[in-house]
Amino acid sequence: VQLQACGGGLVQAGGSLSLSCAASGGTFRYAMGWFRQAPGKEREFVAQSGWSGRTTSYADSVKGRFTISRDGTKNTVYLQMDNLKPEDTAIYYCAANRGIIAPGYAMDHWGKGTQVTVSS
């Protein structure tokens, strides 16, 4: 399974960015989600979507500002990030897992990160 993430960039506080992650190589019934890692900090959970796309969950720090979704094929996951804050600055990583995606769980597959920088 290969995960290709894109869509990072530089934005001012209060702005929006959209990330996408396309999976290839067989992700049938995989949950997909996003983690992020800021400089000097551990990687943290951001959001996830169950394989059907009907169940989602978010870190408290992004609830109400970020929205995760999957396309009809279920092979691409998106992260719409609104009202961005400087503390959202991090490298964002896409993940795919046959099991649960949540803090503390190991992931089956990781994509290369994409940088998101929010200026104040």
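This is a predicted model: local features need pLDDT of at least 70, side-chain atom pairs count only at pLDDT 80 or more; totals for chains, interfaces and linings use all residues.
## Basis of the values

Local features are given where pLDDT is at least 70, side-chain atom pairs count only at pLDDT 80 or more, and totals for chains, interfaces and linings use all residues. Residue numbers start from 1 along each chain as its sequence is written, and side-chain values use heavy atoms, with hydrogens and water left out.

Strand 1 covers residues 2-6; strands here are DSSP runs of E with at least two residues, numbered from the N terminus. Its side chains alternate: Leu3 and Ala5 point to one face and are buried, where buried means under 20% relative accessible area, exposed over 50%, and partly exposed in between (1.4 Å probe, protein chains only).

Strand 1 runs antiparallel to strand 3 (residues 17-24), and 5 bridges join the two. Two strands pair if DSSP finds at least two bridges between them. Serine 24 in strand 3 stands opposite glutamine 2.

## Strand 9 and its neighbours

Strand 9 (residues 90-97) is mostly covered, with 7 of its 8 residues buried. It is joined to strand 4 by 7 bridges, and these strands run antiparallel. Asparagine 97 in strand 9 is the bridge partner of alanine 31.

Strand 9 is also antiparallel to strand 11 (residues 114-119), with 3 bridges between them. Here isoleucine 91 has glutamine 115 as its bridge partner. A further 2 bridges join strand 9 to strand 10, again antiparallel. In strand 10, tryptophan 110 stands opposite alanine 95.

## The aromatic cluster

The structure holds 2 aromatic pairs. Rings of Phe, Tyr and Trp (its six-membered ring) pair if their centres lie within 6.5 Å; planes under 30 degrees apart count as stacked, over 60 as edge-to-face and the rest as tilted. Phenylalanine 35 counts as buried at 6% relative accessibility, and phenylalanine 45 is buried with a relative accessible area of 10%.

Phenylalanine 35 also pairs with tryptophan 110: the centres are 5.0 Å apart and the planes at 65°, so this pair is edge-to-face. Tryptophan 110 lies in strand 10 (residues 109-110) and phenylalanine 35 in strand 4, so the pair ties together parts that are 75 residues apart in sequence. Tryptophan 110 is partly exposed, with a relative accessible area of 37%. Phe35, Phe45 and Trp110 form one aromatic cluster.

## Aspartate 71

Aspartate 71 lies in the loop between strand 7 (66-70) and strand 8 (76-81). Aspartate 71 is buried yet has no salt bridge, meaning a side-chain nitrogen of Lys or Arg within 4 Å of a carboxyl oxygen of Asp or Glu. The nearest side chain of opposite charge is arginine 70, 6.1 Å away; Lys and Arg count as positive and Asp and Glu as negative, while His and the chain ends are not counted.

A polar atom of the aspartate 71 side chain lies 3.3 Å from the backbone nitrogen of asparagine 75. Leaving out residues up to four places away in sequence, aspartate 71 touches Thr76 and Tyr78 (contact means heavy atoms within 4.5 Å).

Key
Helices (H or I, at least four residues) and strands (E, at least two) are DSSP runs, numbered from the N terminus. A polar contact is a pair of N or O atoms within 3.5 Å; within protein, one must be able to donate a hydrogen and the other to accept it, and residues adjacent in sequence count only if both atoms are side-chain atoms.
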